[in-house]
Structure formats: C-alpha cells, structure tokens
Amino acid sequence: MDDSVYVGNAGQDAVLDRGWLLGHFKDASDPRHSEAVEIKWGVHPRGDERARWVRGEERTALLVLVSGRFRVELPERSVLLARQGDYVVWGHGVDHSWFAEEESVVLTVRWPSVPGYRVGEEDGSASGERPLPRTG
C-alpha cells in the first residue's frame, strides 16, 4: 500500500473531523494534510445555521452546492444556492455566515489552511465572531 494515497468516502470521513476532509489539522503523515488548502464536506439538516458570523476572515473560500438549498450571508448581501453546482466565492476580509433552507450538502474549499484558526466551542471568540442576524 502507498502511504501517499488515501481513498475514502466524503460522507463517512466528514463525521470524523466536523466535516473537514483536508487541511493543516490532519496529521503530517496523512496524505490529507495540507497547509495550502482546506476542503470540507458539509451535510446540513434543514434549519441548520452558523451560530455566529465569521469576522476578519484570513482565507479565500469557495462554497459549491451539491444538493439542497443553502443561503450564504455576506455583508450587505444574501446569496441563495438553489441548483446543484451553484457556488459563491469570497476573499480575504469578507465576513460571512450561512443557513440551510433545506437539507443540504455543500463542498467548501478554503485557502490557505491557517493553523490555529478555529471557532471557539464555547463562545466563538477565537475568530472574533459576532451573533448571526436574523433575516427573512
């Protein structure tokens, strides 16, 4: 077996690390370790929402809808991903949040993979987040 190859299933592997399949947080000996990019397979039940906005984002992100209906909240703008393949990209410094209008699967790619950048489990303060505003 080649230790530089990993074969898996996104749906099964995602539950092991909060949806994240690839990034700096994987063990350095794992082929899924990367300091350049992070990839997430996000499975969200209807009504699932990010509890707090991400502020001061240091990465660029691409979010692609695989299935469902998923809303991404950006400053002064709400983007609805409704058809398979719909996507949104935002860059460095763009605050964001999200809401699953229907059960949804989304693929997120972020770069670079920034060590230590993680939402605080208790209060969200690690990344300077703010409460999610309610819309529509």
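Student: How many aromatic pairs does a search of the whole structure find?

Tutor: Two, and keep in mind that this is a predicted model. Take Phe-70 and Trp-98, one of those pairs.

Student: Why is the pair of Phe-70 and Trp-98 called stacked?

Tutor: Check the distance, then the angle. Rings count as a pair if their centres lie within 6.5 Å, and planes under 30 degrees apart count as stacked. The centres of Phe-70 and Trp-98 are 5.5 Å apart and the planes stand at 25 degrees, so the pair is stacked.

Student: Where in the chain do the two partners sit?

Tutor: Phe-70 is in strand 5 and Trp-98 is in strand 8, 28 residues apart, so this pair links distant parts of the chain.

Student: How do you know whether Phe-70 and Trp-98 are buried or exposed?

Tutor: Buried means under 20% relative accessible area. Phe-70 has 1%, so it counts as buried. Trp-98 has 16%, so it counts as buried too.

Student: What does Phe-70 touch?

Tutor: Leaving aside residues up to four places away in sequence, its contacts include His-44, Leu-63, Leu-81, Trp-98, Phe-99 and Val-106. Phe-70 is also among the residues with the most contacts inside the largest nonpolar core, which has 13 residues. Others in that group include Val-72, Val-88 and Trp-90.

Student: Which elements give two or more residues to this core?

Tutor: Strand 4 (60-67), strand 5, strand 6, strand 7 (87-90) and strand 8. As a general point, nonpolar side chains tend to be buried together in soluble globular proteins.

Student: What makes strand 5 and strand 8 a pair?

Tutor: Two strands pair if there are at least two bridges between them. Four bridges join strand 5 (residues 70-74) to strand 8, so they pass, and they run antiparallel. One detail to look up in the model: Val-72 has Trp-98 as its bridge partner in strand 8.

Student: Which strands form the open sheet, and in what order?

Tutor: Three strands, in the order 6-5-8, with antiparallel pairing. Strand 6 (77-81) and strand 8 (97-100) each have a single partner strand, so they stand at the edges, and one side of each is left without a neighbour in the sheet. On average, neighbouring strands here are turned by 20 degrees against each other, direction ignored.

Student: What is the phi of Glu-76?

Tutor: About 65 degrees, a positive value although Glu-76 is not a glycine. Most residues other than glycine have a negative phi. Glu-76 is in the loop between strand 5 and strand 6. Its relative accessible area is 85%, and exposed means over 50%, so Glu-76 is exposed.

Student: How do you know that the charged end of Arg-32 sits over the ring of Tyr-6?

Tutor: The distance part asks for CZ of Arg within 6 Å of the ring centre. For Arg-32 and Tyr-6 the value is 3.9 Å, and the charged end is listed as sitting over the ring.

Student: Which residues does a cis peptide bond join?

Tutor: Trp-111 and Pro-112, with omega about -10 degrees. Pro-112 lies in the loop between strand 9 (104-111) and strand 10 (130-131).

Technical notes
Residues are numbered from 1 along each chain as its sequence is written. This is a predicted model: local features need pLDDT of at least 70, side-chain atom pairs count only at pLDDT 80 or more; totals for chains, interfaces and linings use all residues. Side-chain values use heavy atoms; hydrogens and water are left out. Axes are lines fitted to C-alpha atoms, for helices over the stretch in contact, and angles run from 0 to 180 degrees between N-to-C directions. A nonpolar core is a set of buried Ala, Val, Leu, Ile, Met, Phe, Trp, Tyr and Cys residues joined through side-chain atoms within 4.5 Å. Buried means under 20% relative accessible area, exposed over 50%, partly exposed in between (1.4 Å probe, protein chains only). Contact means heavy atoms within 4.5 Å. Rings of Phe, Tyr and Trp (its six-membered ring) pair if their centres lie within 6.5 Å; planes under 30 degrees apart count as stacked, over 60 as edge-to-face and the rest as tilted. A charge sits over a ring if NZ of Lys or CZ of Arg is within 6 Å of the ring centre and within 35 degrees of the ring normal.
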